[in-house]
Amino acid sequence: MIKIKNLEKIYNSKTIPVHALRGVDLHINSGEYLSIAGPSGSGKTTLLNILGGLDSASVGSVKVNDIEITDLSKKELTNFRLQNLGFVFQSYNLVPVLTASENIEFVLRLQNISKSESNKRTAEMLEAMGISEYADHLPGELSGGQQQRVAIGRALVTNPKLVLADEPTANLDSETASGLMDIMEEMNRKLGVTFIFSTHDPMVMDRAKRLIRIVDGKVAEDTIK
């Protein structure tokens, strides 16, 4: 599903260039459930952002389903993300003036899905996330765990091929985080969605089926459990 070859990312600073990624080579198959781990500044979030087309590579190739995303224009990248990817962020990134239901449905409207189909899929996702009773609540009226369930629902409602989750448990207590991981594991099994986590949470690393450790911008470990 994903082929990364000789990937480098260099950030230019006022003093010296910062090498966030240094020649990363990876193959990730469809349906995998894996974690990219590493200390702060290791390059794991940069790698995730490049996979999602949120950042650009300095050198190298990134193919997702045989699409070379490093060659896409900004408009093409936007469409590629909309049609293929789901995102889950540490800070939830919900629209504060939209209800839980509206936040999930929003991306379907961007895809021009009909209102009736959007309503149906949104209701199903609210139920799958266990938050149907909070459908009409604004993000500010929800706990952190509930907000992250909305965010996961939004990521999955479009039936994406790939979900990228950047530190999805960072702001949650261990019990809430474990419950969310249960949900994502079930979606991985039932729907075959590929999940890639960027994390330093030992629980997320332990539950991943494959663990990739990034140190100083390089792959230091790649273990299939």
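Let's start with contacts: two residues are in contact when they have heavy atoms within 4.5 Å of each other. In the protein chain, if you take contacts between residues at least 6 apart in sequence, 69% join residues at least 24 apart.

A word on what you're looking at. This is a predicted model, where local features need pLDDT of at least 70 and side-chain atom pairs count only at pLDDT 80 or more, while totals for chains, interfaces and linings use all residues. Residues are numbered from 1 along each chain as its sequence is written, and side-chain values use heavy atoms, with hydrogens and water left out.

Now the overall build. The protein chain has seven helices and 10 strands, counted as DSSP runs (helices H or I, at least four residues; strands E, at least two). Its C-alpha trace spans about 50 × 40 × 35 Å along the principal axes. Of the 225 residues, 50% are buried, meaning under 20% relative accessible area with a 1.4 Å probe and protein chains only, with exposed over 50% and partly exposed in between.

On to the aromatics. Rings of Phe, Tyr and Trp (its six-membered ring) pair if their centres lie within 6.5 Å; planes under 30 degrees apart are stacked, over 60 edge-to-face, and the rest tilted. That rule gives four aromatic pairs. In one of them, Phe87 and Phe89 have ring centres 5.9 Å apart and planes at 5°, so they're stacked. Phe87 is buried at 15% relative accessibility, whereas Phe89 is partly exposed at 23%.

Phe195 and Phe197 are stacked too, because their centres sit 5.9 Å apart with planes at 15°. Phe195 is buried at 1%, and Phe197 is buried at 0%. Together with Tyr33, Phe195 and Phe197 form one aromatic cluster.
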